[in-house]
Amino acid sequence: MQDKSIKKLTSNPLLDPNSNNARSLVFTLSIVAYLATIALLFSVTMNRMSTSWNSALENSATIQILVENPTLREVQVEITFKNLKENYPNSEITVLDKKKSLDMLKPWLGNFNLPDDLPIPALISINFAEEDNKDLTYISAALKNEGVIVEIDDHTRWSDQVKKSAIALKVGSTALLILIFSIAIFISNYATKSALLAQKNIINILLQVGAKNIFISKLFIKQAGIRGLISGLYGVSLGYFTMVIMSTERMKEVFIIPIPNFYWPDIIYLLLFIIGFSINCSISAGLTSMNILSKKRRRR
Amino acid sequence: MFKKKKSKVQIALNNEVVRFERLGLRYGRGPEILSDVDMCLNKGSFNFLTGPSGAGKSSLLKLCYMDLKQSRGLISLFGNDISSISQKAKYSIKKRIGVILQDFRLIDHLTVFENVALPLRVSGEKRRNYTKDICELLQWVGLGDRMDALPKTLSGGEKQRAAIARAIISKPDLIIADEPTGNVDEVMSKRLLKLFIEMNRSGTTILIATHDKKLVKGINANILNIENGTLINTNFNSSF
Ligand SMILES: Nc1ncnc2c1ncn2[C@@H]1O[C@H](COP(=O)(O)OP(=O)(O)O)[C@@H](O)[C@H]1O
Ligand SMILES: [Mg+2]
């Protein structure tokens with residue numbers, strides 16, 4: 001009978017888990033974690049997107065043939081096409097028709113109706129295959145020998161621009177992440193401070209029965225860690241869910257900005273993120289409580 | 001089961017548990033509530049601290065369990081001048097003192113069992129090592145069937161017994177009690193007193209503050225009386 005009653009005995013945490021508005025604290029931290037998740041996923045996606053743009057740009061080029069006479073132009077296009085085909089056998093080489101060429105030039109020429117006889121350069125686009133050499137420098141010389149003058153745009157100008165914007169986005173979203181994390185630190189500090197006040201009685205009792213400051217700090221570290229973990233889990237799940245919804249085809253039509261695609265490994269990052277969030281809360285609670293408790297001791 | 005490690009310093013010194021010398025205490029910039037108090041409690045002694053309400057009994061006890069700092073004079077606990085020892089040494093002294101206060105100081109969200117277990121839990125004892133001890137002790141103080149109860153469901157007397165159980169669970173060398181019979185009837189106060197006497201028989205030094213003259217009668221104990229901020233009838237000299 002004795003053993004039975006012993007097994008039934010509870011083991012509650014020393015700090016009151018329900019005091020100090022625990023729920024609103026977890027709610028607030030969840031929102032912070034949510035925002036951080038969105039910022040994190042946004043930055044990851046931006047990164048991914050700029051990489052894919054870059055490689056698309058780096059793996060393609062456009063070749064212009066600037067001859068006004070249409071018959072001559074057609075001949076030159078043919079020569080160029082053949083030459084390219086020979087040199088880049090695996091790559092995708094396309095001669096753009098007049099309409100497509102016009103479309104490509106629209107940003108420069110404007111959107112109004114262009115006269116039919118406007119001299120438009122012939123455009124050949126090339127998407128390099130893995131196996132082919134991407135070097136285009138010698139081709140202009142080779143073509144010149146055959147009497148064809150071409151202008152080569154290898155997109156380096158573009159890819160530089162894209163790289164720059166990608167860096168700006170990365171810096172921006174990292175700054176945002178740091179900001180959000182420091183908000184989490186502030187909240188955790190503040191919560192610890194008010195918990196120390198609200199649970200002053202408990203702390204005094206613990207000190208009286210011989211608890212060391214570090215023992216009490218550990219209680220706060222553990223509490224903050226658990227709260228960080230719970231709110232991290234809430235916030236991240238919600239953030240993930242939001243991003244998944246936003247990346248569905250239907251949503252992609254609504255948003256102007258391209259919406260990210262998701263990959264499985266992202267979940268590992270998010271789990272790491274939750275752990276980081278929790279550790280972040282723990283550390284700030286530990287520092288705050290140690291600080292306050294040691295001040296208290298000096299007063300005594 | 002809970003063996004005490006005695007440090008070398010303590011062995012070297014005599015058997016004084018508490019010593020006050022020319023002690024003075026004031027709160028903030030107020031007047032001295034205690035002045036020129038000389039006091040000495042020997043190991044194994046049973047002491048009553050008496051005096052009218054507001055005389056400074058609680059304040060004197062607080063000095064003994066290091067909840068307050070003296071304004072002047074010397075306090076030595078177990079042979080250590082507490083103004084010159086490390087924080088670590090203070091922790092270990094605190095563990096040798098069991099304190100029972102008028103307001104019991106039980107933690108509301110913890111059960112009786114958990115409240116009593118606090119000193120052991122705080123010093124890192126494993127739960128399975130002390131569960132049996134606590135059950136026995138609670139049985140002994142008559143709280144055997146209230147182990148799972150929360151403090152708010154206890155009567156005044158039950159809270160008091162829980163507080164006492166917590167104070168003695170770690171087998172302290174010194175027990176300090178502030179008006180322990182303040183909230184209970186005469187029968188209960190006799191029982192509590194018997195508990196203290198029993199603890200004393202096993203070598204524990206006892207210091208009880210009370211304004212209840214009746215309690216003091218018929219017990220072979222030192223009586224320290226506070227009057228006008230200072231201690232009279234002390235056994236300070238008789239200890240030599
Ligand atoms: N925290 C405090 N701040 C200021 N004055 C106090 C404080 N605690 C007690 N006092 C004063 O000290 C005197 C002694 O109080 P106390 O030690 O509680 O006496 P007793 O326990 O004998 O009734 C009283 O005049 C009381 O008003
Ligand atoms: Mg008092």
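Me: How many residues does the contact take from chain A and from chain B?
Reply: The model is predicted, and contact here means heavy atoms within 4.5 Å. By that rule, the contact takes 27 residues from chain A and 28 residues from chain B.

Me: Which helix of chain A gives the largest share of the side that touches chain B?
Reply: Across the interface of chain A and chain B, eight residue pairs are in polar contact, both residues at pLDDT 80 or more. On the side of chain A, α1 (2-8), α7 (200-208) and α8 (213-246) each supply at least two residues. The largest share is six residues, and the helix that gives them is α7(A).

Me: How many salt bridges does the rule find across the interface of chain A and chain B?
Reply: Side chains of opposite charge can pair when their charged atoms come close. The structure holds nine salt bridges over all chains. Across the interface of chain A and chain B, however, the number found is zero.

Me: Where in chain B do Arg96(B) and Asp173(B) lie, and how many residues apart are they?
Reply: Arg96(B) and Asp173(B) form a salt bridge, with their closest N and O atoms 2.6 Å apart. Arg96(B) lies in the loop between α3 (87-94) and β6 (97-100) of chain B, and Asp173(B) in the loop between α6 (156-168) and β7 (174-178). The pair thus links distant parts of the chain, 77 residues apart.

Me: Is Arg19(B) buried or exposed?
Reply: The side chain of Arg19(B) meets that of Glu21(B) in a salt bridge of 3.1 Å, N to O. Glu21(B) has a relative accessible area of 32%, so this residue is partly exposed. For Arg19(B) the value is 10%, and under 20% counts as buried. Arg19(B) is therefore buried.

Me: What is the distance in space between Pro121(A) and Val67(A)?
Reply: Pro121(A) lies in the loop between α4 (98-109) and β3 (122-127) of chain A. With a relative accessible area of 15%, Pro121(A) is buried. Pro121(A) and Val67(A) are 54 residues apart in sequence, but from C-alpha to C-alpha the distance is 6.8 Å.

Me: Over which residues of chain B is the pLDDT below 50?
Reply: Chain B averages a pLDDT of 86, and 90% of the residues score at least 70. Where pLDDT is low, the predicted coordinates should not be read in detail. In chain B, the pLDDT is below 50 over residues 3-12 and over residues 234-240.

Key
Residues are numbered from 1 along each chain as its sequence is written. Chains are lettered from A and ligands numbered from 1 in the order in which they are written. Side-chain values use heavy atoms; hydrogens and water are left out. A salt bridge is a side-chain nitrogen of Lys or Arg within 4 Å of a carboxyl oxygen of Asp or Glu. A polar contact is a pair of N or O atoms within 3.5 Å; within protein, one must be able to donate a hydrogen and the other to accept it, and residues adjacent in sequence count only if both atoms are side-chain atoms. Helices (H or I, at least four residues) and strands (E, at least two) are DSSP runs, numbered from the N terminus. pLDDT is the predictor's confidence in each residue, from 0 to 100. Buried means under 20% relative accessible area, exposed over 50%, partly exposed in between (1.4 Å probe, protein chains only).
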